[in-house]
Each structure stands twice: as C-alpha cells, then as structure tokens.
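Me: I would like to learn how to read helices and charged pairs in a model such as this one. Could you take me through them step by step?

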Amino acid sequence: MGCSSSLPASNAGGLSNANNVSSDTDSKNFRVKLVLLGDSGVGKSCIVLRFVRGQFDPTSKVTVGASFLSQTLALEDSTTVKFEIWDTAGQERYAALAPLYYRGAGAAIVVYDITSPESFNKAQYWVKELQKHGSPDMIMALVGNKADLHENRTVSSQEAQEYAERNSMFFIETSAKTADNINQLFEEIAKRLPKPASS
Amino acid sequence: MEGGGDSFGSSTAPLAWHDFLERMRQPSAAEFVKSIKSFIVTFSNRAPDPEKDSAAVQEFLENMEGAFRAHTPWAGSSEEELESAGEGLEKYVMTKLFNRVFASVPEDVKSDEELFEKMSLLQQFIRPENLDIKPEYQNETSWLLAQKELQKINMYKAPRDKLACVLNCCKVINNLLLNASVVSNENPPGADEFLPVLIYVTIKANPPQLHSNLLYIQRYRRQTRLVSEAQYFFTNILSAESFIWNIDGESLSMNELDFQRKMDSARERLLGLSADSENQDNQANLDAQDRKSENLKANRNSDARLSMKDHVQGSGQDMRRDSDVTVDGKPVERVQSISDIEKKGAAELLNDDELNKKFQEYPFLFARAGDLTIADVESLLNSYKQLVLRYVALAQGMGVSPETTLAQSSQPPSDLVGSEEPENVNDNEKSEGISKTSDDVISENDRPEALDIKTSEKMTQKTAVDPNDDLEALKDEAPCQPENA
C-alpha cells in the first residue's frame, strides 16, 4: 500500500522537530500554509506522511490522521520553514469547497497519479482554479505521484513538464512509496517562498 | 511529529481559569476589572451588528492582552501565562456577552432553523455511500461518539469551549478512521476519508443552532488563536456546513427526482409527528396522518400517480427502513421516531391506572435535589447509564437517530461513552476544553450583575473522566444553554 511501506525515508538532511508556536514568524523562522489538491486516490496524504514521518508507523499513537500535519524544514541559509499542510477531499462532489481551504495559502501542491490520465485532467482543473481564485503570489507545484509504477505510466513526464512550465509551476515526479523526491519537493517549495521582510 | 502540540490552540490548563479570576481579584487588577466592565456595559447597550460587534470584541481583547503584558498583576509573566490570561479574558467577556451576541440578528436565527430542518430531513435517508465513505471506513455505531461531542456545543458559552466540541468531534473521527485503516490495511486516512465522515456525523448530530455556533466561534474566538490545526478543523466544519446547505440530488449521487421524493417523504414524516401529538386515538390518528400527508403531497406535487398509498406502502426501494420493520407480518407504514412513540406512550400512561407501579422501578423519578445524598450518586449514575443504554439501543433498533429531547436537553448519551471512549479522546486537551468552572467567581461577592449565572454552584475542577462530572455539569451548565436547545 502506497505509503505504508517500510523503507526509511532519506529525510535526515535537515528536518527538525521544532515545537514553536504562533510567535515564530520572523525573518529566520516562518510558517506557511500549504494546501494539497488532487483527485482522490492519487496519494496526497501519503506524500505528506512521507515528508513528515519518513515512514508511517501504524502502531504510533501520535498520529491522529493525515488530513492536517505540520513539519518544520531547516534550510541551508539557516532559516526554517514550518509547513502547515492542509489536505483537501479530492472527490468530485467536494470540489466546490476547495476555496475555503486554499484561501490564504502560501503554497499549493497539485497532485496527480502518473498512471491515471483522468487525475492529470483533474490536476489541470485545479491549476486553473488556483490561477483564477488563489492568491497571485502562491507558489504552485505540480506533482506526478506513484512514479514507482512507471511501467503503467500513461502521463508522460514531458507533457506534464511542459504544462507546468506554461503555467509557471514547479514540476516533480515523486513516489510516496519509495520516498523518491519527497523531500526535494518540499525543499524546492521552501526555496521559492518569498521570505518575509526582516522584522 | 508536530501537530498535536498546538492543535487545540493555546489550551490552558483548568487551573488557568482560576488563576485568571484569582489575579483579577487582586487590588492591582482594579483598573482591568473596570475596563472590562465598562466595555461589557457599553457593548450591551448597543444594537446588535455582528460585524461591528466582532470587530469590537477582537479589538478589545487585543488591547487588553497588550495591557496585561505591561501591568501588574501580569507584568513579567511568561508568554504562557499571558496566553492563558488572554484565554481567561476571552472566556469571561464572551460569557457575559453571550446572550447579547449569539444568534442576535434575525438572519442568523432563520438560517439556524433552515439548516436544522434540512439536516433533520437528510438524516432520515442519507447513507455513507452517498458521500463517498468507503465500506471499510463505515462505522455508524462508533460515529455516535463523534456526534455526541458535537452535540455538546450548546452546553458552553465561551468560544473556545464551543470550538473544543468541534475539535473533539474531529478527533474522534480521526481516531476511528485511523483504527479502521490499520484494521483494513489501508493507507492512513486523509481528507478524502475525513471530510465525508464529518459531513455525515454533522447531519446525524444536527445540533440546534449550528450555523450560529459556527459564526459565533468565527467572530469571537480571538483570531490569533484560531490558527493552525484548530483552524484547519474549523474550516472543515464550515465546509461541511456549506456542503449541507447545497446538498441536492447530484451531490449525493442520486437522481434529482429521487432526492426530492426522499426529502418530501422525510418532511411528511416530521409533519406526521406533529399530527400524532395532537391526536391520541391511534387508528384515527394514522388515518388523519395519511390524509394530511396526501393533501400536502397533492399541494406540493401535482403528480397524481404518486398517491400516498403507493408511495408509503409500496416503497421498499424508497425508504430502506420501511422494509426492515414489520409489525404483525405486514410492513409498517412509516418509521416512527422516538419522540413519536414517546408521545403516544405518554398519552397512554395518562390513562393508566397502574401508573405508580410502572414508575416504582425508577426510585429517583420524583426525588428532589435536596433529597439526594452522596451515597445516592452511584446508584443514580447506574440507573442513568442503564436508561441511556436502553434508550440508545432502542433507537438503534428502530433505525432512527437517537437525538431527541433527551439528548438535547442535556448530555446523557455521552455517558454511555464514558468508559468506552478511545482513551485519546479523553486526553488532557479534552479535559481542558471541557472542564468547567464557575464563570463568575470573579464577582461572586461584590459584583451584583454577576448574579445572573450560577454563582451558587461553584465547582471544583474535575477531569473529564470523573464519573460525577456529567451530573454536576448538567446542573452547572444547564442555564447556559441557548433557549431552544
């Protein structure tokens, strides 16, 4: 099953468990709301769990679900970014509710499954939606998940790459199962975030 | 992993509230007390205007928190202490202003009624499948626990306490989903799983005045504390509300006509209930109900083919439950709700010669509070649990949802939960959120306007697991309930 595999993630490079609370917004440490959009079943929550936990441990008592998770990422320039990651329900019937979630988000990850052309169409719908209604300086990433299933691929990376470029998005293919590119995804987003003016 | 830590905002220990009141009584706090009172008085004298009201409260709280920082008795306190002072202030001010600002404009009252009605219709036929809840996550019995958490929302006045009910409800759902995912070896649940269950639970719980409660939290919970995880889950219930407002056939994967028919027949059932209560003769009653329904149907829907007889009796495909229940071998014409049966029973009881005998089983029925001793608590609690268990079991067996007058006038079904609740539901966040203290200790001696609330029932702190808690709470919180709860 997608993200419950036991491979440890390569997340040693700079994740720290800071327990800062609200007053952590300064030039060194800031936090950002990141919203996850994409069809149901593309592995949105698996990506986040991979990022946050490295591996999912079903016996852990700490996790109360993957719909909201936060994780602090330390960058090379010694700033830290605390991601507050908001998952959204991907089923068609809930599509109209998404604006409640992406309002005020500093970043968005739009996820599709590389083996599902429908999910890629849906991803394009979300991109348009965000361009129309999201905040204009939102950082957007297009993510082709389930890259480990490349023998079943139906969405070519070139097509997705080109689409992302046309829409000035960052594109990456990930595998929540093997943890491939998961940290790279979040690090890249963190780098692209506009840094708040020093206080 | 983070997340849990700041999840419920700056949760303060139960002690913090006492600490706040304690410090407010110190002579050095006299200026603060004066400002707070003057704010409350000025505010109360203005006509309601939700936007202005909200802005005024937010601004006042912000200013006061700033002032706390600089003056005794809080000067030099840690951030944590200042935070809990802010919480205390919010709770104090909003408890005082509650009656003035809660559902204070006609639009809100109207929305409450409409939403309540819509949910009371939907809850009669909605199925988990209609919302994309996968079979492995379906667990209606356990969802009752989440419903009970949400139904507590009208027991509190402080925005934070109301918010805690929403968060506790979400937490129960998350725990259930997580357990189910482990059992069925599924991926850990995300929003795809969570939101549909929250919507379902909300519809089934149908707490009165949900709309006003959510607006109240949004307007009067200090904005800097409605952030992060609390904000996320609060957004989820707002989005559940929004979804429910807009529910039509399509959003439940139903044919629109089919949906309208289900709504109509749910409405007829509710109307049937009110006809019932006016009429004690059973048979005549049912006939009258049929006629009434028929008229209504005819008025609303000129489609003559849908005569009431066909509709009600031959509609196994329509109302799932109709076919589940039979009496004397023939299908019951409509499922009666508990309150329906209750009313009928009450009418019969009035004519019953052996009334006293029937009530002998229940020794506390005619007791007054003063008659009870501490020693009675245990047996009272046992009787109570038995009663609730029977009641809920009966409701479950009937296939109707058990929240009726009993559930709304107090919090009994949560007692059923008491010992069975997953332990993390009862963790400290919950006990903090739920622990109740006397709101008006600050003014119990010398502040006359405080007499409006339960000064005589000062409570000591308790944890949520204390078996006596709910009994006390019931007594303590009853006056806080909005009128139509």
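This is a predicted model: local features need pLDDT of at least 70, side-chain atom pairs count only at pLDDT 80 or more; totals for chains, interfaces and linings use all residues.

Me: How many of the 18 residues of α10(B) are buried?

Reply: Buried means under 20% relative accessible area. In α10(B) 15 of the 18 residues are buried, so the helix is largely enclosed by the rest of the structure.

Me: What should I look for in charged side chains?

Reply: Side chains of opposite charge can pair when their charged atoms come close. Over all chains the count comes to 32 salt bridges. One of them joins E83(B) to R225(B), with the closest N and O atoms 3.3 Å apart. E83(B) lies in helix α4 of chain B and R225(B) in the loop between α9 and α10, so the pair ties together parts that are 142 residues apart in sequence. E83(B) is partly exposed at 26% relative accessibility, whereas R225(B) is buried at 3%. Both residues also belong to a network of salt bridges, whose members include E87(B), K91(B) and R222(B).

Me: Which residue of chain B forms a salt bridge with R93(A)?

Reply: The partner is D132(B), the closest N and O atoms being 2.7 Å apart. This pair crosses between chains, from the loop between β4 and α2 of chain A to the loop between α5 and α6 of chain B. R93(A) is buried, with a relative accessible area of 16%, while D132(B) is partly exposed at 29%.

How values were computed:
Residues are numbered from 1 along each chain as its sequence is written. Chains are lettered from A and ligands numbered from 1 in the order in which they are written. Side-chain values use heavy atoms; hydrogens and water are left out. Buried means under 20% relative accessible area, exposed over 50%, partly exposed in between (1.4 Å probe, protein chains only). Helices (H or I, at least four residues) and strands (E, at least two) are DSSP runs, numbered from the N terminus. A salt bridge is a side-chain nitrogen of Lys or Arg within 4 Å of a carboxyl oxygen of Asp or Glu.
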